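Please keep the sequence and the coordinates side by side while reading. The paragraphs below are meant as a guided walk through them.

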Amino acid sequence: MMHWLKTTTAAAALGIALAAAAPALAADGQGGSITVTYKDDVSTLDPAIGYDWQNFSMIKALFDGLMDYEPGTAKLRPGLAESYDISEDGTVFTFHLRDGVKFHNGRAMTADDVKYSLERTVNPKTQSPGAGFLGSIKGYDEMSGGTADSLSGVKVVDPKTVEITLSRPDATFLSVMALNFSFVVPKEEVEKWGADFGHHPVGTGAFKLTDWTIGQHLTFDRNPDYYREGAPKLDEINFEIGQEPIVSLLRFQNGEIDVPGDGIPPAKFVEVMNNPDLKKLVIEGGQLHTGYVTMNVKMAPFDDVRVRQAVNMAINKARIVQIINNRAVPANQPLPPAMPGYDKSYEGYAYDPEKAKALLAEAGHPDGFETELFVANVDPQPRIAQAIQQDLAAIGIKASIQSLAQANVIAAGGAEDQAPMIWSGGMAWIADFPDPSNFYGPILGCAGAVPGGWNWSWYCNADMDKRAAAADAMVDPAKADERAKVWGGIFTDIMKDAPWAPVFNEQRFTLHSARMGGGDALYVDPVATPMNYRYVTVDDVQ
Amino acid sequence: MLGYLARRLVQAVLILLGVSVVTFALLYLLPADPVRQIAGRSATAQTVENIRRQLGLDQPFLVQYGRYLLGLVQGDLGRSYLQRSEVSDLIAARLPASLLLMAGAIVCELAIGLTMGLVAAVKRGSATDQTLMVGSFVTVSAPQFVVGLLLLYVFAVRLGWFPIGGYGTFRHLVLPSLTLGILGAGWYSRMMRSSMIDVLRQDYIRTARAKGLPRLTVLLRHALPNALLPVIAMIGIDIGLFMSGIVVVESVYGWPGIGQLAWQAIQRIDIPIIMGVTLVSACAIVLGNLLADIVSPFIDPRIRLR
């Protein structure tokens, strides 16, 4: 069984070579179909509700928001809105809608649909996990609290114009308008299907759902009336559901499928990467993810910044990256490299156990101390925690590992005096949208340092909160770069207080068949997994 | 007979009630919070509480269970937390696939198990017998995940005789049925062997042989029907075994049955689905046992139901 891959790849490689020899008939890359496999059922395709990495990108293929991203990048561009104006003070956004955008049912999309969709997400009855993202819209509190049944901040000026007033300036608002939770849905279809709308999605998107057999497969067909020229490229996407990742890999090697949606199974990762024929079909890219160790600044001895800095210097990140087969890159700051604002020049705390020991002694712990390290009990997290444990032992810190179910670790982190240290792996943090502020508020700001919150180091620095608010008030899109720099500075300054020891940033590895193309960036798209369905192509279109 | 049936049905209802209480209580006691799963990590505390209230998960255990039971007697299994569809629809969409797989598995285990047992009994004490019995021991002990992947690799990937997982045609059915059935085949071969050996020792077999009947006729006409009796009763009990097996086998082969549904629901604490699948499985087990008992007197007139 150990040699399955080695022996089967010869056949697969032959198939690939034959496919490559076939002439590429469609120069513009339009047409063709692909097959993508997943293990788990697609839970829902309702944009207000779907919030897992599998359905999130599928929903992006079926629906659109006012804003959109340049394919393969984190750069915003207008979507259903053709253009927008922002008031001087950054609190009023006026969106001018495109002409001729139609829902899959043929009806033209209007400003009323935009208002309806935003209000539907905020409406407590919808139970949307993303309602909070719309929190800066004026009237949000009243509507989510149940005292109002519409958003006072959303005004339909005319069928082609929506004016959205915010209760505070919010530079992330355009990103939020590109998030699934603000995608536009047709009221009549939502009312027709009720709670089952998620299984009968109707949007304006590049594809439309034409078939869904529960537990077996879904078919997305090209929307010929899609508003954006030249998209989508494919005629059809077939999703096959219920396939173990390892079986998907076998089928991939057999040339039966184009993309194993769940990726390369961890147990086969080294084998795939050591196989030259397979490796060239793997696209590697960054993820908006950071794995870190939190240190609870409210619990001794981590209330001493020197102790926290010492921990930062004690962890051998390169070795931990090896433990997970190089599926990540070492990190030195909270932001991942793929995030705007990441400071390339920042050096962080280099691995230096001697200096760490000295710092510990200076802090009054020449012989170290005993503490606890909490970790989710799913492989490889406990193994990573053990490596951290060894590194800490080398400078005298005896950390006992508390390996618990994920939900229990999250609960311990959300309590003020439970978890001195937590390894965040498997739980936190991946950004919802490519904006640095998404890495601050919930996990490093005062707002998250509350019972049940995600700021597990309980770090609350009023000065940083002020700087964060100032950065988010820089609403002018022309100042985006400047704003990103300000954010970068906030994060590197936070590292002086060292509430975290950033350990690594996970990388993405997308495996795709040789017949697929469109540009590597589409397969590591920062806002789509496993790929940007709208722009990928196949090269053997007849 | 009717009195017997009525009594058994009342028992069945009590068993199902017991299963529902125990499962519901276990899910209630889970430290993980289903509302957090639904709300996602970006939800505000307000959203979390709002969802908890709407689903009634802020109520005490008895109220929650009472509500569930009330729905249940009206035939309402509730709505999945994460898929947001009716649990009964989800189960109905997947149950036929599971039943088909079980039917296939029963055919496989009977065909393999009975043949092995019969041959072993006739060749009792020989090398064939010993090989077969060691073989049965291996099939009973082999983990289904491994057997499944092994069969898949050899017969689908290498030899290409069958598709690599999936659902739809007879060819798709063979490997999953075999994987699921091979476990039971081991049991059946051992039962069949000992049952057959018992029967072959009986006087009437000797009489039949003494009459000059051919050996094969004696085996198939006289010995087999009697030896089969205790084995038939096993099939009903088997369904319980299958219910645990399908979770693994359906995963390996991408078979769209309720086993996969249960597995996904457990990982995401989707309580209504877990409850629904558990109750449907319990129903199947109870019915299987009942059927085995009802059928027995028809096969063996010596058995009376009272």
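Predicted model: local features only at pLDDT ≥ 70, side-chain atom pairs only at ≥ 80, totals over all residues.

Residues are numbered from 1 along each chain as its sequence is written, chains are lettered from A and ligands numbered from 1 in the order in which they are written, and side-chain values use heavy atoms, with hydrogens and water left out.

Chain B contains twelve helices and zero strands, where helices are DSSP runs of H or I with at least four residues, strands are runs of E with at least two, and both are numbered from the N terminus. Along its principal axes, the C-alpha trace of chain B spans about 85 × 55 × 30 Å. Of the 306 residues in chain B, 47% are buried, a word that stands for under 20% relative accessible area, with exposed meaning over 50% and partly exposed lying in between (1.4 Å probe, protein chains only). Among the contacts in chain B with a separation of 6 or more, 72% join residues 24 or more positions apart, a contact being heavy atoms within 4.5 Å.

The accessible surface of chain B amounts to about 14800 Å², and carbon and sulfur atoms contribute 68% of that area; such areas come from the Shrake-Rupley method with a 1.4 Å probe, and for residues only the protein chains shown count as cover. On this surface, B:M1, B:L291, B:V295, B:F298 and B:I299 form a nonpolar patch with about 510 Å² of accessible area together. B:M1 sits in the segment before helix 1 (2–29) of chain B, and it counts as partly exposed because its relative accessibility is 48%.

In chain A, A:T219 belongs to strand 9 (residues 217–222) and is buried, with a relative accessible area of 10%. Leaving aside neighbours within four places in sequence, A:T219 is in contact with A:K208, A:L209, A:T210, A:D211, A:E236, A:I237 and A:N238.

Helix 7 (residues 245–253) of chain A has nine of its nine residues buried, so it is largely enclosed by the rest of the structure. Just after helix 7 of chain A, A:G255 takes a positive phi of about 75°.

Definitions and conventions:
Patch = residues over 30% accessible without salt bridge, like charges linked within 9 Å, V, L, I, M, F, W, Y side chains within 5 Å. Salt bridge = Lys/Arg side-chain N within 4 Å of Asp/Glu carboxyl O.
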